[in-house]
Amino acid sequence: MQDWKRQPGFFAGIAAAPVTWLILFFIVPLGIVWAYSFGRNTGLTSIDISGTFANYARALEPLYLEIFLKSVAVAALTTLICLIVGFPVAMAIAFAAPRWKPWLLLLVMLPFWTNLLIRTYALLSVLGTRGFVNQSLEWLWNHVGWLMTAIGLAEPGPFEPLPLLYNNFAVIFGLVYVHLPFMVLPLYAALDRLDKSLIEASLDLGAGHWKTITRIVAPLAAPGIISGLIITFVPALGSYLTPDLMGGTDSQMIANVIERQFKRANDWPFGAALSFMLMYATFILIALQALRNKKIEARS
Amino acid sequence: MEQRTTTLAELANRRSLLKGLGVAAVGLSFGGLAACSKESGNSTDAAASAKIAPTGEEPKLNFYNWDTYIGETTLDDFKGASGTDVNMSLFATNDELFAKLRAGNPGFDVIVPSNDFVERMVTADMIVPLDHAQIPNIKNIDPSFIDVAYDPGRKYSMPYTWLVLGIGYRKSKVKPVPDSWKPLFDSDQYKGRISLLSEAGDLFRLYGKYLGKSVNDLTAADIKTIEAMMIKQKPFVKAFHEDNGQDLLVKGEVDLVLEYNGDIAQKMVEDDDIDFIIPKEGSQLNSDTLCIPKGAPHPKNAHAFINYLLDAQAGKKITETILYPTPNAAAKALMPDTYKNNPVVFPPAALLAKCEYAKFRPDMQPLYEEAFTRVRAA
Amino acid sequence: MSWLRNRTPVAPLEYGRRLWMRSWIAAVALFLYAPLLVLIVFSFNDSKANIVWKGFTFKYYGKVFHNEGLLTALGNSLTIALLATIFSLILGALAAVLLWRFRFPFKASVEGTMALPIVVPEICMGVAMLVFFAAIDWPNDLVWPLSLGAITIAHITFCFPFVALVVRARLASFNREEEEAAKDLGATEWQSFRDVLLPHMKPGLVAGALLSFTLSLDDFVITFFTSGPNTITFPVKVYSMVRFSVTPEVNAVSALLILLTVVLTTVALKLQDISAEAKS
């Protein structure tokens, strides 16, 4: 990493576009909403920016903190499952023969070019009480029952469909389903063209596959894993459609509450305050991470 | 047979088939192709209303509507009659409509808010009064819809459809017939087989009805009582739905839903084990209306369009498509008896008498929302 | 039974050929594709809604080609996604190189800010863009495709940080010596960027492009708030169908889109193979 002063021209050339865009089309609009978070509603469409902290005080009430923590737990679990499921997939793609790579990537990405609502409806059909899964299980159950009576055992009772929908299981299932490629892609990008000789050396020296993966591959792919974790966790935390459509009566997540403020409740200042609480927390985490990296760089 | 006819029709309409493939293949040209070749190819009904006088404005209209909430040929018929091109954009809920227009009208001429949002938008000065002189078809509207609490004398809005909330249920699984709100709101008889509408205001108001009060008379103390009742009932509710409860009912996920009569009536066509009833304690009425937002670029076209939608023939075609109850008496008269006498679409007057329109109350709405967040989090 | 045994022994790194890996991939594929198969099957469903199977019919595929609204919406979405991806790649790659290569004052804040578009709840961003475009009086009656400008700008804004993140992770494995070697041989800064750094970034760029295209194609909330009267997109159209049930037409369109993607990718890869052969 070099100091920008050493090549100011190149630095300016690289920095100009992204920074300007970020400021103009992101900071400024968000700034307006940030100002709202310090305001209050005066009438239905006007907001008076009075510099009040009332919205933030309300956002810190136990009711909302509890919802926030619950959302973090759900998002964390989703991310963990995505990591466990996605890592082998990313490895398979990264170590595949070059002619298969694009096809495998396409295989992973293709479902995600289908509209989210349609996919969710399809998931609802698969997991529903009279959905695909339950109907197959029922078929199996009935045939097992026949078999058991044939042998002479007592007949099993009527088939109870599995409650796969409208509960927290469904929410996590749906979230994993939606966010899996966001984990696979960065992992693949980091694992691809990983120096294979290191892995071969490790295997030659007697470490088993598991040890090689945990001690050699994972640390080398760490930046990819971390970026995968981030771009899976954060959108999962902010998802509201999946909990809405697939969740039960107690599957409310923080994004549902925020959405309610901007829409039904017409309380933009409070919605802004809740949104920014989320953002402050993440901003601090990422800035801390960056500072930590800076320290590591300085040391080496 | 149908498959063959479809293929033949497609072959006959080669241009449309090629257009479809071209768009799909190139993507970019898609929008362009569709934009320039406005191929209507639909009939201009001979019985449609006479040609409408040109209004002197540019012949365009931006219509912001719910999806499929219009007849199949209505927009083309209107173009044939008046030469005005209607461009229909979509929204899915009233709040989205309000949130979008809050910051200023991005160019819509006619919008379709529900009754309580008409009040909201009038208070917020977002819609303009209608010029009845340009809407002679107002005479087609049933007199009971002219002087309504949310818009006396129809100053700002024209009624498009009306709805009433009630219980949709599966006859074979729900015995006896649920003629009260109790099985839905206050009992574990059908636990795990119930789905409620996810709209805080409606829920609180209907609980109020169950407790014997008017929908517009709830107090903060009532909210506390109802919140406790909801939390008690929550374990027996399977899911909160976003106005698609009729799907859950048809799929067999639940046996009782809180839904609009029009939605249930649409599903009853395909599944005759489903029925609908308004509970004896009474319920809440709704009405979707046509309004002109402030800053509309083509107000005269907008008036002409609203007038056209209220025409008897046009109204009949719209109702045939969407099958919701219509406030247009002239259109209703032209509909078949299966519709006019359908007790789900037009419930008995005795029950309707107990139903009220919800008034928009800016002081209560935030309280409903916060209480509902608490119920969902409990 | 010799065909059951592998002809060539599996090399230690050929994870793709191991049984457990193959079963895992198969399970994941089933997980990902089962709902899609259901979706395709239901596109032949002879019923207005997507709920219960009523019979086989092709009529919804026919309806798709006559449904101008749906097709226009799809065209708009594809156009926006394409434009957004191109610009996001450029901005994202620049941002990634900036953060990876240079030390500069306030770097930590810039990193944090760059990550914010990923964190912002979509509705908050949607409202922010709505208010912003209203405040600067963005014109609403531009001709197509400029009318999609507001939506595209919003999409680029939330897509490029994803690209930046993925590309940056990729850059972490770059060997500076390669770049120094190029410079020793006389390359300028921009030349070494183009010929040494860019090829290394390629997997990251590909992954970023795929991510960005997906995010843009599927976005609803932000698009809803930035779209004008004549700019409906596919997700907005589909979401607005919820009130009255999603018809099998939508399934048909999705099935066609999937088919199209597979066909286009096959063609693109075949062309690549042909050009690679021609070169060698």
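## A strand pair across two chains

How many bridges join strand β1 of chain A to strand β1 of chain C? There are two, between residues 2-3 of chain A and residues 102-103 of chain C, and the strands run parallel. If you want to find the spot, look for A:Gln2, whose bridge partner in β1(C) is C:Phe102. Keep in mind as you look around that this is a predicted model.

## Where chains A and C touch

The contact takes in 81 residues from chain A and 80 residues from chain C. On the chain C side, 58 of the residues are nonpolar, 13 are polar and nine are charged.

Helices meet across these chains too. Helix α1 of chain A (residues 8-36) packs with helix α3 of chain C (residues 68-101) at an angle of about 115°, their axes 8 Å apart. The crossing of α1(A) past α3(C) is left-handed. On the α1(A) side you'll find A:Ile14, A:Ala15, A:Ala17, A:Pro18 and A:Trp21, and they meet C:Leu91, C:Leu94, C:Ala95, C:Val97 and C:Leu98 of α3(C). Sort that helix contact by class and you get ten nonpolar residues, with no polar and no charged ones.

## The sheet in chain B

Now over to chain B, where three strands make an open, parallel sheet in the order β2-β1-β3. β2 (85-90) and β3 (110-111) of chain B sit at the edges with a single partner strand each, so one side of each has no neighbour in the sheet.

Strand β1 of chain B (residues 60-65) pairs with β2(B) over six bridges, in the parallel sense.

Key
Residues are numbered from 1 along each chain as its sequence is written. Chains are lettered from A and ligands numbered from 1 in the order in which they are written. This is a predicted model: local features need pLDDT of at least 70, side-chain atom pairs count only at pLDDT 80 or more; totals for chains, interfaces and linings use all residues. Axes are lines fitted to C-alpha atoms, for helices over the stretch in contact, and angles run from 0 to 180 degrees between N-to-C directions. Helices (H or I, at least four residues) and strands (E, at least two) are DSSP runs, numbered from the N terminus. A crossing is left-handed if the near helix is turned anticlockwise from the far one by less than a right angle, and right-handed if clockwise. Two residues are in contact if their C-beta atoms, placed from the backbone, lie within 7 Å. Ala, Val, Leu, Ile, Met, Phe, Trp, Tyr, Cys and Pro count as nonpolar, Asp, Glu, Lys and Arg as charged, and the others, Gly among them, as polar. Two strands pair if DSSP finds at least two bridges between them.
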